[in-house]
Amino acid sequence: MQQDRFLVERLKRGDAQALCCIYDKYGPALLALGTKLLGERAAAEDVLHDVFLAFAEHIQRFELTGSLRSYLAKCVANRSRDRFRRRHKTVFLGDGIPTVMSPQPGPEEVAEQDDEVQRVGRALDALPYEQREVVLLRTHGGMKFRQIAAVQGVSVNTVQGRYRYAMEKLRALLDVEADHAEYTGYRTVG
């Protein structure tokens, strides 16, 4: 967090390299979050560009009071939600949630992980947007329930309920898909 404060102060003094450092540090994770929320990388890139542009334009009024990562994730979530509402159509997640890979996985392990990522992505696609947003902000944005509540403009209890319902639905959907794959003879992980 000290490094983030230092970078913000450098940016306030006009050091454009500080913005590049912040982007290098958080850009990939924020892009992944936007892609998962919007279902398309190009839209997420636009959102990320808008977030960093607004961040740089308003840096003189910005005060870092918590985590810069959480603040930027909140900005990406807000812009993604606005874009989602303007589109009025279903969001599809492209890659699902990435799994932790060993340093040098074998071909079979890679195939199993790809199957698992696709299964989780399909299950996330089936969630209502608000529930999917809570899950992704919690898991990829590193945000606490109270921070997510502020982003969504609802109570902490509502956010906790959305998270709980989302996790229950994800478990049920993944169980049904595993049962279906077993029944049809397809191999599944888990």
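What share of the contacts in the chain with a separation of 6 or more comes from residues 24 or more positions apart? The share is 67%, where contact means heavy atoms within 4.5 Å. The model is predicted: local features need pLDDT of at least 70, side-chain atom pairs count only at pLDDT 80 or more, and totals for chains, interfaces and linings use all residues. Residues are numbered from 1 along each chain as its sequence is written, and side-chain values use heavy atoms, with hydrogens and water left out.

Start with the fold. The chain holds eight helices and zero strands. Its pattern along the sequence reads α-α-α-α-α-α-α-α. Both element types are DSSP runs numbered from the N terminus: helices are H or I with at least four residues, strands are E with at least two. Of the 190 residues in the chain, 39% are buried. Buried means under 20% relative accessible area, exposed means over 50%, and partly exposed lies in between, with a 1.4 Å probe and protein chains only. The chain exposes about 11000 Å², and carbon and sulfur atoms supply 52% of that area. Accessible areas come from the Shrake-Rupley method with a 1.4 Å probe; for residues, only the protein chains shown count as cover.

Now the interior. In soluble globular proteins, nonpolar side chains tend to be buried together. Here the largest nonpolar core has 46 residues. Such a core is a set of buried Ala, Val, Leu, Ile, Met, Phe, Trp, Tyr and Cys residues joined through side-chain atoms within 4.5 Å. Ile22, Leu30, Phe55, Leu68 and Leu72 touch the most other members. Two or more residues each come from helix H1 (2-12), helix H2 (16-38), helix H3 (41-57), H4, helix H5 (107-125), helix H6 (129-139), H7 and helix H8 (156-184). H2 gives the largest share, eight residues.

Take Phe55 as a way in. Leaving aside neighbours within four places in sequence, Phe55 is in contact with Val8, Leu11, Leu19, Ile22, Phe62, Leu68, Tyr71 and Leu72. Val8 and Leu11 are among the buried residues of H1, together with Asp4, Leu7, Arg10 and Lys12. Just after H1, Gly14 takes a positive phi of about 95°.

Leu48 belongs to helix H3. Leu48 counts as buried because its relative accessibility is 3%. Beyond residues up to four places away in sequence, Leu48 touches Tyr23, Gly27, Leu30, Leu31 and Val76. Leu48 and Arg79 are 31 residues apart along the chain, yet their C-alpha atoms are separated by 8.7 Å.

Move on to H6. This helix is mostly covered, with eight of its eleven residues buried. They are Tyr129, Gln131, Arg132, Glu133, Val134, Val135, Leu136 and Leu137. Why does Glu133 count as buried? Glu133 is buried because its relative accessible area is 1%. Not counting residues up to four places away in sequence, Glu133 touches Leu37, Ala77, Arg81 and Gln152. Gln131 has 15% relative accessibility, so Gln131 also counts as buried. Its contacts, with the four-place sequence neighbours left out, are Arg162, Tyr165 and Ala166.

H8 carries Val159. At a relative accessible area of 0%, Val159 is buried. Not counting residues up to four places away, Val159 touches Val134, Phe145, Ile148, Ala149, Gln152 and Val154.

Last, the empty space. Rolling a probe the size of a water molecule over the atoms shows where empty space is left. The largest pocket holds about 270 Å³. A pocket is an open set of points on a 1 Å grid over the protein atoms alone, with protein on both sides within 12 Å along at least five of seven lines, for a 1.4 Å probe; lining residues have an atom within 4 Å of a point. Grid points are joined across faces, edges and corners, and the volume is the space filled by probe spheres set on the points. The lining counts 15 residues, and Gly66, Ser67, Ser70, Tyr71 and Gln147 lie nearest the centre. Helix H4 (68-87) and helix H7 (145-152) each give two or more residues to the lining. The lining divides into five nonpolar, six polar and four charged residues. Ala, Val, Leu, Ile, Met, Phe, Trp, Tyr, Cys and Pro count as nonpolar, Asp, Glu, Lys and Arg as charged, and the others, Gly among them, as polar.
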